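Here is a short report for a reader new to this structure.

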Amino acid sequence: MKKILFIVTLLIANQAWTQNKTCCSVNNITKENATLAMNDSFAKTHLEPLSYQLENPKGAMVEFETTDGKKGKAYLIQSAKKSKKYLFVFQEWWGLNDHIKKEAEHLYGDLKNVNVMAIDLYDGNVASTREDAQKLMSGMSDARARAIVNGALAFAGKGSKVATIGWCMGGAWSLQTAIEGGKQVKGCVMYYGFPEMNVDKLKRLQTDVLGIFAEQDAFINVETVKSFEGKVKEAGKTIVVFNYVAGHAFANPSNPDFNKQATEDAYTNKVMPYLMKALKVKGGK
């Protein structure tokens, strides 16, 4: 019975997405994400995050200049040894909450000697309900987000080596940051994020891309992922994609439908080896 209900829900969601797919013709990833955010079927795939409070934080919030003359914020865990290597971590549509900070600490512990910086794309706002997340994600300014991203790249500094990782909305911005950062960015991991389909923009990539997607995602679906792979290759760039038998947001521990097996396989066997190679670190506990 549960299986039948899941299939029916998936079909309804797919139909809703098809009806709203006009967003794909808009050459602006923020507008595409905004349209996706306001799709009620998409919103319903996101169960509200489990309550969590980070204790004994390893890092601290920092401010940096953004390219629009304002200030940006990030949760920064500095390398124990001075390092010009950075991992930028990008939030889901909930915002820079304690779950993302915890994930940043997890990555820091496994990479070693890398500065891990969880970027705040919502300027301090965090959602705890789907309705609030819809408002925050749909209300994002593309210009502001890019100003934050470029400010973070400037904060890392000239000569720094940056890798990016993000989930859902953050997966999209992991890719956008790799495009914005050019040669400064050495690696890009995107988990089930809305892909960039503009070949001219993809030509600006100076790194390969690791994509982690979900076969049961009714929105960033298998067809969309295949099209994305084709666009990246058309741009003359390299992408490796792994599709898991799981739903959207499967790798989020705060998701009540968290898929532990798929998450651990992706993290241990795909993501960590990729990041260690990209940033040229040995990692380890």
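Is α4 mostly covered or mostly uncovered, and how many of its residues are buried? The model is a predicted one. In it, α4 is mostly covered, with 12 of its 14 residues buried.

## Helix α4

Helix α4 runs over residues 98–111. At 1.5 Å a residue, its 14 residues should span 20 Å.

Which residues of α4 are buried? Among them are Ile100, Ala104, Leu107 and Leu111.

Strands β1 (60–65), β2 (71–77) and β3 (85–90) are included. So are β4 (115–120), β5 (161–167) and helix α10 (260–279).

At the start of α4, a side-chain oxygen of Asn97 comes to within 3.1 Å of the backbone nitrogen of His99. After α4 comes Lys112, which has a positive phi, near 65°.

## Aromatic rings

How many aromatic pairs does a search of the whole structure find? The search finds nine. Two of these are set out here.

| Pair | Centre to centre | Angle between planes | Arrangement |
|---|---|---|---|
| Phe42 and Phe219 | 5.3 Å | 85° | edge-to-face |
| Tyr244 and Phe250 | 5.7 Å | 45° | tilted |

Why is the pair of Phe42 and Phe219 edge-to-face? The planes of the two rings stand at 85°, and an angle over 60 degrees counts as edge-to-face.

This pair also links separate parts of the chain. Phe42 lies in helix α3 (residues 40–44). Phe219 lies in the loop between β7 (209–214) and α9 (222–234). The pair therefore ties together parts that are 177 residues apart in sequence. Phe42 is buried, with a relative accessible area of 1%. Phe219 is buried too, at 1% relative accessibility.

Tyr244 has a relative accessible area of 10% and is buried. Phe250 is buried at 1%. Tyr244 and Phe250 also belong to one aromatic cluster with Trp167, Tyr191 and Tyr192.

Which residue has its charged end over the ring of Phe242? That residue is Lys270, whose charged end sits 4.9 Å from the ring centre.

Note on methods. Residues are numbered from 1 along each chain as its sequence is written. This is a predicted model: local features need pLDDT of at least 70, side-chain atom pairs count only at pLDDT 80 or more; totals for chains, interfaces and linings use all residues. Side-chain values use heavy atoms; hydrogens and water are left out. Rings of Phe, Tyr and Trp (its six-membered ring) pair if their centres lie within 6.5 Å; planes under 30 degrees apart count as stacked, over 60 as edge-to-face and the rest as tilted. Helices (H or I, at least four residues) and strands (E, at least two) are DSSP runs, numbered from the N terminus. Buried means under 20% relative accessible area, exposed over 50%, partly exposed in between (1.4 Å probe, protein chains only). A charge sits over a ring if NZ of Lys or CZ of Arg is within 6 Å of the ring centre and within 35 degrees of the ring normal. The expected span of a helix is 1.5 Å times one less than its number of residues. Contact means heavy atoms within 4.5 Å. A polar contact is a pair of N or O atoms within 3.5 Å; within protein, one must be able to donate a hydrogen and the other to accept it, and residues adjacent in sequence count only if both atoms are side-chain atoms.
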